[in-house]
Protein chains: 2
Amino acid sequence: MPAHAVERAYQTIQRLQGGDIKNPQIGELLTESIRECQKFLDALERVNLKSKVPGKEYFAFGAEGKISRPVNKALYVGDLSGWNDLLDRLARNDFRRADATRITQAIYTAAISFCASIDLLKRGDQKTPGTFFEYLVGHLFAARLGVNPRTRLPVLNVDDLKTELPTDFVFDLGKGKPKFHLPVKTSTRERVIQVWAHQRVLDGVYGTGLFLGTPVILTETKNDVVKREVIEICLPDQWRLYQMHIAQLKRIYYLDVPAAYIALNQVFPRLHVRPFGEFFVEADTLS
Amino acid sequence: MPAHAVERAYQTIQRLQGGDIKNPQIGELLTESIRECQKFLDALERVNLKSKVPGKEYFAFGAEGKISRPVNKALYVGDLSGWNDLLDRLARNDFRRADATRITQAIYTAAISFCASIDLLKRGDQKTPGTFFEYLVGHLFAARLGVNPRTRLPVLNVDDLKTELPTDFVFDLGKGKPKFHLPVKTSTRERVIQVWAHQRVLDGVYGTGLFLGTPVILTETKNDVVKREVIEICLPDQWRLYQMHIAQLKRIYYLDVPAAYIALNQVFPRLHVRPFGEFFVEADTLS
């Protein structure tokens with residue numbers, strides 16, 4: 001499949017999303033992109049990878065001697081059934097009896113289909129998967145909350161400090177309701193401290209507790225291409241220090257939740273690390 | 001000149017520095033590296049660049065159709081006289097009547113000679129210049145303070161949180177004396193928030209005021225290779241927000257101080273942005 005089939009819908013999203021990322025039309029374009037990617041991937045070989053992550057199995061798509069990033073076998077469903085159901089629920093704004101695990105699988109499949117396709121179609125392109133993942137999560141989050149995000153916030157003007165703070169997505173549900181601070185990353189590594197630092201600035205400028213920090217991250221897997229071994233790169237002790245000393249994040253959502261971070265739900269003071277599917281179920285009660 | 005002449009001394013530094021970066025032998029190896037670079041650069045064409053930075057002029061070294069990063073004309077002295085004088089003062093630990101501007105020029109010349117050489121000898125290598133600059137600044141800072149840095153700090157053990165915090169260089173002058181937190185970057189862009197966030201964690205873990213945050217940065221210039229125009233990428237309003245809401249840095253040292261940041265010395269609350277040469281003069285009185 002030529003690269004342009006995957007990229008066509010992607011470019012249309014870029015053009016369209018402007019201020020209206022929650023528009024159902026964006027959802028349709030995402031569906032079209034993902035369908036193209038799955039058509040491409042379905043024809044490819046699946047290469048088993050040696051997983052060094054306890055309890056998780058991974059494969060990669062292979063084409064012309066190249067392999068894609070690792071794909072979690074339990075999360076990759078390989079079709080659009082769960083995804084279509086999710087868009088349908090978003091359209092009806094109805095998440096009663098929704099299955100969070102199935103939603104996580106649907107979004108994981110969508111995201112990893114695009115990323116794995118770009119891995120194989122392009123060379124060393126990290127930016128396109130990152131931007132697509134931002135659109136994907138931005139659309140779903142906005143559709144779930146029913147408001148579009150902002151990416152700049154006014155800062156209280158003192159003297160000559162008249163400025164706007166560039167942020168990740170920020171969602172304002174209106175007076176007396178929570179506001180969400182949504183950084184979106186395909187993986188974090190050592191750059192993650194930025195997420196806590198941005199939360200701290202928001203807390204400082206607007207007051208602590210007003211913005212719920214809810215980063216969404218795809219995965220922390222890393223594939224050793226030579227050994228074909230998958231590992232997860234995690235820094236749980238540092239996360240605890242950041243949460244204690246920089247700012248409090250409300251949730252840290254993952255599509256492929258790293259084992260080392262799941263454990264942080266169990267120790268005091270807790271970090272709430274959850275599969276992203278749970279957001280859709282708990283969104284109305286987060287505060 | 002073959003790349004290996006420049007890299008030989010560099011690799012010896014990597015091998016030697018281990019825990020003893022203040023060792024005068026490292027200074028000699030740095031001198032050798034810089035001398036090799038200057039020999040290489042002296043034979044090259046100097047290409048004038050159009051400077052969009054008020055009051056500063058830049059050129060680039062050119063070889064085989066490639067050009068190096070921008071070089072500040074007023075700071076590049078092109079010989080080792082100032083550098084040798086600096087090492088001599090460090091050996092004697094005597095900075096009486098030292099000329100801070102001359103020291104800044106000497107270190108700028110040393111750093112940019114190496115970086116520009118690598119720009120021309122390698123392809124897209126950002127890591128080697130960054131690591132060299134870390135050794136260079138680490139050696140000079142350590143030699144000035146008379147102590148070697150650490151790059152890991154123990155964190156108070158609570159429950160099962162027995163961990164070490166990986167940091168940039170940290171210098172401990174001993175009981176009752178200041179400790180320095182020294183991040184070193186060739187440029188910062190949007191990643192700079194990490195510096196404030198690390199300072200915040202140190203303040204939280206050890207108490208505010210114990211560690212003086214003194215990042216050292218080479219430059220914020222960016223060269224538009226097609227237009228051959230030099231600009232500085234600066235975010236002064238965001239820096240003020242970080243300083244007010246995340247943590248307080250004591251100094252921000254630059255070798256090529258951006259005009260937009262110099263202005264931050266004049267507005268309240270002040271950020272103290274200084275040429276790095278001033279550190280050598282003021283080091284004993286910082287607290």
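User: What order do the strands of the open sheet in chain A have?
Analyst: The order is S5-S6-S7-S9, an open sheet of 4 strands with mixed pairing. Strands here are DSSP runs (E, at least two residues) and helices are runs of H or I, at least four residues, numbered from the N terminus. Two strands pair if DSSP finds at least two bridges between them. This is a predicted model, in which local features need pLDDT of at least 70, side-chain atom pairs count only at pLDDT 80 or more, and totals for chains, interfaces and linings use all residues. Residues are numbered from 1 along each chain as its sequence is written, chains are lettered from A and ligands numbered from 1 in the order in which they are written, and side-chain values use heavy atoms, with hydrogens and water left out.

User: Which strands stand at the edges?
Analyst: Strand S5 (150–154) and strand S9 (211–213) of chain A do; each has a single partner strand, so one side of each has no neighbour in the sheet.

User: How do S5(A) and S6(A) run, parallel or antiparallel?
Analyst: They run antiparallel, joined by 4 bridges, and S6 of chain A covers residues 164–172. A:Pro154 has A:Glu164 in S6(A) as its bridge partner.

User: Which strands does helix H5 of chain A touch?
Analyst: H5 (residues 127–145) packs on the sheet and touches S6 and S7 (179–182) of chain A. Its direction makes about 50° with that of S6(A). Axes are lines fitted to C-alpha atoms, for helices over the stretch in contact, and angles run from 0 to 180 degrees between N-to-C directions. Helix H6 (residues 193–206) of chain A also packs on the sheet, touching S5, S6, S7 and S9 of chain A.

User: Where does H3(A) come in?
Analyst: The axes of H3 (residues 81–92) of chain A and H5(A) come within 9 Å and cross at roughly 40°.

User: New topic. How many residues does each chain give to the contact between B and A?
Analyst: Chain B gives 28 residues and chain A gives 28 residues.

User: What area is buried there?
Analyst: About 2300 Å², with 67% from carbon and sulfur atoms. Buried area is the accessible area (1.4 Å probe) that two parts lose on being put together, summed over both.

How values were computed. Contact = heavy atoms within 4.5 Å.
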